[in-house]
Amino acid sequence: VRFPEDLEDDNTTFNPEYSHQVFGDNEVAFGYKGLKILLYYIAGNLSTLFRIEYTSKVNEKFDCVEADDVESKIREIIPPGFCTNTDDFVSLLEKEVNFKPFGTLLHTYSVHNEEAGEDITYQIYKADMTCPGFREYHERLQTFLMWFIETASFIDVDDERWNYFLVFEKYNKDGATLFATVGYMTVYNYYVYPDKTRPRVSQMLILPPFQGEGHGAQLLETVHRYYMSSPTVLDITAEDPSENYVKLRDFVLVKLCQDLLCFSPGKLMQGFSQEMVMEAQQKLKINKQHTRRVYEILRLRATDMGDAEQSRSYRLDIKRRLIGPYKKKQRELAKMRRCLRPEELTNQLNQIDLNMQHEQLEESFQQLVSDYRRVLERLAQA
């Protein structure tokens, strides 16, 4: 909500992707007809209005059953101090002009908005719990995780190893410059013996009204650039990354790596090298596993897949990596031959069909190439 009229505007409304963390695996609130759970957030400081509406509700006295206590379920995840009255909420909205982003400005960029016909400015800040008002703001911000990240949990904000990176949109209202929350990322700094840290991305969320505009890539690249300048950082990782996050990371890391000398077309065609591992790790804080993916994507760009020899060479190079888990299985099988009785061995052999392995390998290869092509297409448009 930026303007009072947004309260009645369905275009500013978005629905949760998940509600099982609040309402159970079936995502059901029992005992109501026409139930609406309404959560309004002021665009900048995220002050909250919470209301429940319904046309009818079961009555314990007459229906012998009790409706779910929806209100207490929502109160468990939104911090106290929210409004239940529209007038109170609108009066808070008038004070929004005083809201300013928390922390240190790291990056400013603009995105062209077709609808508005103009470039809109966005800024990325790094904050921590010492910023006045940030703790309360973060409590409101993290409530979105429950609706948009499948296995979300709130973090321990008293642990000083957390870093917070925030994206804001700058917009004008009655001649004043205001800020709207776009998304954020939390990063935990793990200790690596003897004197390094390994920042690990924990949560990342771009709010639905802003998705598909490139903010995730801007945020991830800014975070990488922030840590790249630190001599104590070993590399940057992510905790249990989703499929979408992996695609985003592929794009950002390829964009960062493509100009390194070790990824020149000539060197790419010679195969994956220790030089690539070293340069990516030292200059960009990228670990060996992620560097290998970057190499495979950039080598695909340098390969003429219409050329039989180049195409075969690329396919073999990727499949040699993909076959690792199958070879491990074969080593386990060799051990089994020495240890198992014949009938037990037959059982295990039935589970390892070589033809099936070749099919799975080819399928994995085709899927990878398809994913890599999408990264290269996005890179060409960037």
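**Cavity, helix packing and strand pairing in the predicted model**

In this predicted model, the lining of the largest cavity comprises four nonpolar residues, one polar residue and three charged residues. The residues concerned are R249, D250, L253, V254, H290, R293, V294 and I297. Two elements, helix 8 (243-257) and helix 11 (288-302), each give two or more residues to this lining. The space in the largest cavity is about 50 Å³, and the count of cavities of 30 Å³ or more is one.

The axes of helix 8 and helix 11 are 9 Å apart, and the packing angle is about 75 degrees. Angles of 65 to 115 degrees count as roughly perpendicular, and helix 8 and helix 11 are therefore roughly perpendicular to each other. On the side of helix 8, the contact is made by V246, R249, D250, L253, V254 and C257. Helix 11 contributes H290, R293, V294, I297 and L298. By class, the residues of this contact are seven nonpolar, one polar and three charged.

Strand pairing was examined next. Strands of a sheet pair through backbone hydrogen bonds, in either a parallel or an antiparallel sense. The model contains an open sheet of six strands, in the order 5-6-7-8-9-10, and the pairing in this sheet is mixed. Strand 5 (104-113) and strand 10 (237-238) are the edge strands; each has a single partner strand, so one side of each is left without a neighbour in the sheet. Strand 5 pairs with strand 6 (residues 118-127) in the antiparallel sense, over nine bridges. Within strand 6, Y122 is the bridge partner of Y109.

A helix is also placed against this sheet. Helix 5 (residues 134-141) lies across strand 6, strand 7 (162-173) and strand 8 (176-192). The direction of helix 5 is at about 85 degrees to strand 7.

A further strand pair is formed by strand 2 (residues 36-41) and strand 3 (residues 48-53), which run antiparallel and are joined by six bridges. K36 has E53, in strand 3, as its bridge partner. Strand 2 and strand 3 form a hairpin with six residues between the strands. In this hairpin, L46 takes a positive phi near 65 degrees.

Technical notes:
Residues numbered from 1 in each chain as written. Predicted model: local features only at pLDDT ≥ 70, side-chain atom pairs only at ≥ 80, totals over all residues. Heavy atoms only, no water. 1 Å grid on protein atoms, 1.4 Å probe; cavity = no way out; pocket = protein on both sides within 12 Å on 5 of 7 lines; lining within 4 Å. Points joined across faces, edges and corners; volume = space filled by probe spheres on them. Helix = DSSP H or I, 4+ residues; strand = E, 2+ residues; numbered from the N terminus. Nonpolar A, V, L, I, M, F, W, Y, C, P; charged D, E, K, R; others polar. Axes fitted to C-alpha atoms, helices over the stretch in contact; angles between N-to-C directions. Parallel < 35°, antiparallel > 145°, perpendicular 65-115°, else oblique. Contact = heavy atoms within 4.5 Å. Pairing = 2+ DSSP bridges.
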